[in-house]
Amino acid sequence: MEFNNYVNKIYEKLIPKHVEGKKLDLVKKIQYKSTEESEKRFIEFKNKLRNVNNWYLICKKNGAEFLLHSNTCETKDVQFIENSYLRINIPGPGSNVGDGYDWVIIDSIIEYESEGLQFFGFMVRASENPCKSNTDVAHFFNSNATSSFILYRNNLEIILSYHGRNELPNINSNNNFLDKIRNSMISIGSMLGLSKNQWKLLLNGIANN
């Protein structure tokens with residue numbers, strides 16, 4: 001994908017350099033007939049991306065459920081801002097350190113707009129459980145793993161994409177033995193294509209009117 005220099009720099013900020021483990025890139029491009037329509041769809045898609053509590057319905061109740069938490073573990077009236085958390089309920093056994101869930105933190109959010117261009121993106125990183133004092137990573141991937149969600153409008157075209165980086169099983173932390181076994185099994189499933197299906201469902205669901 002080729003963009004202007006500033007947008008390229010934003011992409012670089014939101015998508016870390018891949019060093020090890022699994023990486024995944026999914027891109028969906030949609031061409032519209034008018035600027036009015038592309039601007040309208042951009043706003044719709046942005047709202048869908050921000051409303052993480054509704055992702056499960058967008059994916060037609062397939063895959064994981066997501067719930068936005070504050071950094072003090074509150075779930076009511078939580079704003080979609082940096083340092084908020086997403087609680088993930090994936091099919092299968094939950095982790096002990098995550099109270100039965102996997103957790104990520106919203107590491108960064110970037111918005112940009114200029115003539116004919118609109119950009120919204122954010123990156124999440126595998127994290128600790130904000131509802132516990134334990135600082136061990138409560139996710140089946142280790143803390144280097146990130147997921148980036150990007151929405152970009154260039155005049156009549158909208159590009160919606162997902163980028164996973166440095167996805168390795170969380171087996172080297174102080175988590176208990178059962179969590180390490182569970183993390184290994186789920187990571188293998190993810191690497192074999194389960195996570196790809198999850199994010200394809202999300203991108204397609206967001207793009208559907």
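Predicted model: local features only at pLDDT ≥ 70, side-chain atom pairs only at ≥ 80, totals over all residues.
**Size and packing**
- Along the principal axes, the C-alpha trace spans about 55 × 35 × 30 Å.
- Of the 209 residues, 48% are buried.
- Take the contacts between residues at least 6 apart in sequence: 64% of them join residues at least 24 apart.

**Surface and charge**
- The accessible surface comes to about 10,700 Å², with 47% of that belonging to carbon and sulfur atoms.
- There are 25 positive and 23 negative side chains, and the centres of these two sets sit 5 Å apart.

**Strand 5 and its neighbours**
- Strand 5 covers residues 117-126 and is mostly tucked away, with 9 of its 10 residues buried.
- On strand 4 (residues 102-114), 10 bridges link up with strand 5, and the two run antiparallel.
- These two strands make a hairpin with 2 residues between them, and G116 in the turn has a positive phi of about 80 degrees.
- S114 has L117 of strand 5 as its bridge partner.
- Strand 5 also pairs with strand 6 (residues 146-154), again antiparallel, through 9 bridges.
- L117 shows up here too, standing opposite N154 in strand 6.

Conventions. Residues numbered from 1 in each chain as written. Heavy atoms only, no water. Buried < 20%, exposed > 50% of the residue type's maximum accessible area, 1.4 Å probe, protein only. Contact = heavy atoms within 4.5 Å. Areas by Shrake-Rupley, 256 points an atom, 1.4 Å probe, with all protein chains shown as cover. Lys, Arg positive; Asp, Glu negative; His and termini not counted. Charge placed at Lys NZ, Arg CZ, Asp CG, Glu CD. Helix = DSSP H or I, 4+ residues; strand = E, 2+ residues; numbered from the N terminus. Pairing = 2+ DSSP bridges.
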